[in-house]
Amino acid sequence: MRLIHITDPHLTSLDSWRPGPSAGKRWLSWLSWQSRRRKRHLQARLTALTAHLDAARPDVWAITGDLCQIGLEQEAREAAAWLNRLASADRVLLVPGNHDLFATDSSESILRHWSDWLHVDPAAPEWPVVRAFDEATLIGLNSAVVTPLLKAGGRLGAAMRERLDHALEKSRDTCRVVMIHHPPLPGCCKPRKALADDRELTELLKRRGAALVLHGHLHHNREYRLGCSDGSETAVFCTASASAAGSQGPAAARIFDIEPASCGYRVSMRLEALDASNRAHTIENSEWISRG
Ligand SMILES: [Fe+2]
Ligand SMILES: [Fe+2]
């Protein structure tokens, strides 16, 4: 099974939008997009990277959020058109990021336009979303919450963590891949951007184990190993933005190949990144056996 992880494409344009008197915290983020962010995320980078990844014929795309800038309905619509071009919804699992669920009206927009890729009932959305594939079970979490100005943190909450606990237990005989936008482990970013219940999530992951945790939000490539109570290890990966340009460094994605092995699963990972000419290169690779 071939799984591709991309995250934080921030692919939508705010060219046709102007903040009105009720724009609230969108004002500041719109200014930040106009002055800096629009140069840090380029559509050409995303198009070049996804064309390269598509040629690798993935079975499933795992996308860990931040498709938008400020969670407008027009952005949800624009991102849905991009998702439509990327792959059929049965080959995608998307989880939202803080720039998608940016303001109180964002939830309605993303549920209306993205429910096929989120794999939730728009009338009664519930996370985690569990999707079983031949060799792996994908478990998508929603860590995005509407935050005050200058905050970008997330939260799962006790009920979602409890459902995650059950989902990990129920799928323990498969290769479990957990997807979340915010970093699941404490200390990965500034407190104002962190997951409020990262310690509780880490304890849960240590207790239940998982083969992989994929996340975004940091816009950097990072890799961590989490020791689990049964002696196994969970590999945690953050991937840089799939549209990154300029000071953001190279746009990147990860390709995972997962196959059953005698004592678990053989997992191989390739980190693909674009050079300045939008050509993709493998900049890291590794292979290990996971208990799942
Ligand atoms: Fe982001
Ligand atoms: Fe984010």
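Biologist: How many helices and strands are there in the chain?
Modeller: This is a predicted model. Both kinds of element occur in the chain. The count is six helices and twelve strands.

Biologist: What radius of gyration does the chain have, and why does it agree with a compact globule?
Modeller: The chain has 292 residues, and a compact globule with that number would have a radius of gyration near 19 Å. The C-alpha atoms fill a box of roughly 60 × 45 × 35 Å along the principal axes. The chain agrees with the globule value, because its own radius of gyration is 18 Å.

Biologist: What percentage of the residues in the chain are buried?
Modeller: A residue is buried if 20 or more other C-beta atoms lie within 10 Å of its own. Over the 292 residues, the buried share is 47%.

Biologist: Among contacts between residues at least 6 apart in sequence, what percentage join residues at least 24 apart?
Modeller: Two residues are in contact if their C-beta atoms lie within 7 Å. Of the contacts between residues at least 6 apart, those that join residues at least 24 apart make up 69%.

Biologist: How are helices α3 and α4 oriented, roughly parallel or roughly antiparallel?
Modeller: Helix α3 spans residues 73–86 and helix α4 spans residues 106–118. Their axes come within 8 Å and cross at roughly 10°. Angles under 35 degrees count as roughly parallel. The two helices are therefore roughly parallel.

Biologist: Which residues of α4 meet α3?
Modeller: The crossing of α3 past α4 is left-handed. The residues of this contact are six nonpolar, two polar and two charged. From α3 come E73, A76, R77, A80 and L83; from α4 come S109, I110, H113, W114 and W117.

Biologist: Is W117 buried or exposed?
Modeller: W117 sits in helix α4. Beyond its neighbours within four places in sequence, W117 contacts L83, A89, V92 and L94. A89 is 28 residues away in sequence, yet the C-alpha atoms of W117 and A89 are 5.1 Å apart. W117 has 25 C-beta neighbours inside 10 Å, so it counts as buried.

Biologist: How many charged residues are in the contact of α5 with α6?
Modeller: Helix α5 (residues 158–170) and helix α6 (residues 198–208) pack at about 15°, with axes 10 Å apart. R161, L164, D165, L168 and E169 of α5 make the contact with E200, L201, L204 and R208 of α6. Four residues of this contact are nonpolar and none is polar. The charged residues number five.

Biologist: Which hand does the crossing of α5 past α6 have, left or right?
Modeller: The angle makes α5 and α6 roughly parallel to each other. As α5 passes α6, the crossing is right-handed.

Biologist: What is the omega of the peptide bond from W127 to P128?
Modeller: Most peptide bonds are trans. The bond from W127 to P128 is cis. P128 lies in the loop between α4 and β4. Omega of this bond is near 5°.

Biologist: What is the phi of H10?
Modeller: Most residues other than glycine have a negative phi. H10 lies in the loop between β1 and α1. H10 is buried, with 26 other C-beta atoms within 10 Å. H10 is not a glycine, yet its phi is positive, about 40°.

Biologist: Where is H217 found?
Modeller: H217 has a positive phi of about 80° although it is not a glycine. With 29 other C-beta atoms within 10 Å, H217 is buried. Its place is the loop between β7 (212–215) and β8 (222–227).

Note on methods. Residues numbered from 1 in each chain as written. Chains lettered and ligands numbered in written order. Predicted model: local features only at pLDDT ≥ 70, side-chain atom pairs only at ≥ 80, totals over all residues. Axes fitted to C-alpha atoms, helices over the stretch in contact; angles between N-to-C directions. Helix = DSSP H or I, 4+ residues; strand = E, 2+ residues; numbered from the N terminus. Parallel < 35°, antiparallel > 145°, perpendicular 65-115°, else oblique. Left-handed = near helix turned anticlockwise from the far one by under 90°. Nonpolar A, V, L, I, M, F, W, Y, C, P; charged D, E, K, R; others polar. Rg over C-alpha atoms; globule rule 2.2 N^0.38 Å. Buried ≥ 20, exposed ≤ 12 C-beta atoms within 10 Å, placed from the backbone.
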